[in-house]
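This report describes how the parts of a protein model meet one another. Please consult the sequence and the model while reading.

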Amino acid sequence: MSPETPVPDARPDLQEVVLAARNVAKSYGNVHALKGVNFDIHRGQVTTLFGENGAGKSTLMKVLSGVIQPTSGEIILDGQPVSFGNAADARDRGISIIHQELSLAPNMTVRDNIFMGREIRTATGVDFAEEERQTRKLMEDLEEDIDPLTPVEELRLGQQQIVEIARALSVNSRILIMDEPTSALSASEVEVLFKVIRDLTARGVSIVYISHHLEEALTITDHAVVLRDGNMTAYAPRAEIDLEWIVRNMVGENYDLGSPPEGHEMGGVALSIRNLSVPDASGVDLVDGMSLDVRAGEIVCIYGLMGAGRTELLEAIAGRLHATGGEIVLDGREVSHLSIGERIARGLALVPEDRQRDGLVQTMSVGQNLSLASIRNFTRGLFTQTQAERALIDSSIREVTVKTDGPDAPIGSLSGGNQQKVVIGKILATKPRVIMLDEPSRGIDIGAKAEVFRLLAEGAKQGLAVLYSTSEVGECLSVAHRIIVMHKGHISAEFDSTVTKEEIMAASGESVAA
Amino acid sequence: MSDTTITRAASDKQAKKFNIGRLLLEGRAFFALILIIAVFSVMSPNYFTVGNFLIMSSHVAIYGLLSIGMLLVILNGGIDLSVGSILALAGVSAGAMMQGIELQALGVILYPPVWAVVVLTCVLGALVGAVNGVLISIFKVPAFVATLGVMYVARGIALLMTNGLTYNNLSGRAELGNTGFGWLGFNRIAGIPISVLVLAAMAIIAGLMLSRSSFGRWLYASGGNERAAELSGVPTRRVKITVYTLSGILSAIAGLVLSSQLTSAGPTAGTTYELTAIAAVVIGGAALTGGRGTIRGTMLGAFVIGFLSDGLVIIGVSSYWQTVFTGAVIVLAVLMNSLQYGRGTRKS
Ligand SMILES: Nc1ncnc2c1ncn2[C@@H]1O[C@H](COP(=O)(O)OP(=O)(O)OP(=O)(O)O)[C@@H](O)[C@H]1O
Ligand SMILES: [Mg+2]
């Protein structure tokens, strides 16, 4: 079994393989998401699935967990061909899935979300006390301080992802599929999750893990499988592979995320924050009197843990959240009183963190989403100009390399990473002078990430000021001229680009993990 | 290799078949209209005549105008229950103005010309609509509750203004210079009733607005995901106030047309018309959750309802049965809506 012959045995090995796909194809109209894929989930081990955005990873996982039915092909569970009518069917057979996009009911509590559809019943109704106890236990296992009775909508994105994970864990399934479970988690939370995963595999649970954080994924992998354009292109056990192998098989070339752009003159201060405070609903300051300058042509990275106040800071600058004190000055003019639209018109725009909730209009097409923020630029008199809009959409699709059937495809037909690219493309299309990006690399593949970094670097050379928020230290180091560490609403440290990972993480209040 | 080509060809064929089903589903209001016309034409020789179509169309005009406004509101993710009451209030106000406005302080009675009556009535409709919009967007009252309240208040004011009675004389007097109110309801241009032309004009304006203007795009966006729209710079509050205001204006126009057709204006006119307007929008394929729907669909929906109920009258079916049929059509339409949208919105 060498990586050069990427065809697993026609009959999966009963001892080794618990769930397998054989020749599975899935088409949506003329889009062939999967073109006859063979895939093995190894018993009691972690099988990692790599692939570019739109390669078909989520589609394959949905097939294996009964969420969608394949167009053709076979699913083999414990050596027996099976077919799942729906997700509950698969769950009854011991297969559960953490979806790439959150599927929580925002108005319900953490506890109710975790036990949704599987309420613990007593003679007189639901045993809320027991559900709450189990929820508390799950949160302890995940080392999270989340009260079971908090409504999910009050949680940050990363915490919602934890709830999603907890829900999948609570099912006690034999096979657990995780589709980008860590895209909104911080490094230390990922550590905890990996500990949980190792516990699970020790107990014989089989895991499928999908992530675009390749290095991180390598640390947990037992078997790696690469999908490309709906085909399986390579598979190998951990011992035979390295980072370079993954990237080569994923995209065919090697990507270097590079280093911050150099050799251009920086301009004057483009964005200046003075003493900004942003309170939460109960009046506690999430951003506490922060001051910050970003010069034209400069890329500033804000690093911090979840809950450090990064999202709140950016949303207040963009105009979504109300700041209680302080100034926001854009090119020398105070903008605090302006609406979001007026700020965008002046060149200050935000790529939000949560693409489903804040980034995309699900009822509109790919093209309409891309052009939404820049409508003013192609409206002459009363009407929008179809030609100009089409040109803008086409160039955006090319610029951020969205893989789509066409601009009129519904946004929901795109893979997760491609949806993220649409959110970024939409804001870039407004031709901002100050761009803020909140965890923009969530779910995009390494090639797309390199492309986004290249666009930012190019913009910076032409005088674009960039404020880039991330919980990945590596990203800071490859894109930023200056790195700011936020901790509990304050700036706790500031570095230039010669700093090391460890220094940054130490300043964020994070225990430097091995 | 040959294996994959076979599956590919098969799936292409499947795609085509699926598209025909899709066409039937998406064009359902159109096919329903054809079916209704065909059935009634067979059952009654009087149905399939130009004269009858024009009369039916002038009835449709009322619902049609209301349903355009309703569509805008529903696209925004809201609902407007006050349209029937605004229609009545507008009619009664126009009636009152035609009787003369007495200015007690000056001891004179003003008789505004008809064009002024029309303009003032539209302004009134706009104001009531704006009240809806402000309640919903600024004071965050749920649309259902806010417009329910306004529905009662507007109806109550209409009843108070006339003491429950109806203005029967709207024709004005030549020596006062305020004749011509009947023009809206009775006159024709090139044989087509003015009311139908008004509907057509409004539909075209609204259609252009939705498909070609940035406001239209803002409306679809804020109905589809208000938070995302807001962060993309869409002035979501302004959009909301505007759609309710437009709905109010359209209701007022419908009120003018109706009282002109009836040459009388009563405070109980248009009761439950809001439900008919909602039905037309739903039959036209719009999603009550917002963000999806077209003027073309809504117009077809209005004609389906109008032609169905007039047809039932023509072939002599009792009005009780008409109610049953209308209800069945609505349920069928909603059923098909969930077929159309349910598939696409599966959690990804
Ligand atoms: N409902 C759908 N309708 C049409 N096309 C779809 C649909 N769902 C997925 N696709 C297409 O199938 C392909 C594979 O999508 P999939 O979501 O499996 O990608 P992925 O590998 O998970 O990517 P990512 O890393 O971005 O999450 C994409 O080209 C996508 O556009
Ligand atoms: Mg995916």
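## Domain 1 and domain 3 of chain A

Between domain 1 of chain A and domain 3 of chain A there are three residue pairs in polar contact, both residues being at pLDDT 80 or more. A polar contact is a pair of N or O atoms within 3.5 Å; within protein, one must be able to donate a hydrogen and the other to accept it, and residues adjacent in sequence count only if both atoms are side-chain atoms. On the side of domain 1 of chain A that touches domain 3 of chain A, three residues are nonpolar, three polar and one charged. Here Ala, Val, Leu, Ile, Met, Phe, Trp, Tyr, Cys and Pro count as nonpolar, Asp, Glu, Lys and Arg as charged, and the others, Gly among them, as polar.

About 580 Å² is buried between domain 1 of chain A and domain 3 of chain A, with carbon and sulfur atoms giving 54%. Buried area is the accessible area (1.4 Å probe) that two parts lose on being put together, summed over both. Asn53(A), His212(A) and His213(A) supply 63% of the area that domain 1 of chain A buries against domain 3 of chain A, more than any other three residues.

## Chain A and chain B

Chain A and chain B bury about 3100 Å² between them, and 54% of this lies on carbon and sulfur atoms.

Three salt bridges are found by the rule across the interface of chain A and chain B. One pair in a salt bridge is Arg217(B) and Glu389(A), whose closest N and O atoms are 2.7 Å apart. Nine residue pairs are in polar contact across the interface of chain A and chain B, both at pLDDT 80 or more. The side of chain A that touches chain B has 15 nonpolar, 18 polar and nine charged residues.

## Basis and confidence

This is a predicted model, in which local features need pLDDT of at least 70 and side-chain atom pairs count only at pLDDT 80 or more, while totals for chains, interfaces and linings use all residues. Residues are numbered from 1 along each chain as its sequence is written, chains are lettered from A in the order in which they are written, and side-chain values use heavy atoms, with hydrogens and water left out.

The mean pLDDT of chain A (the predictor's confidence in each residue, from 0 to 100) is 88, and 96% of its residues reach 70 or more.

Definitions and conventions: A salt bridge is a side-chain nitrogen of Lys or Arg within 4 Å of a carboxyl oxygen of Asp or Glu.
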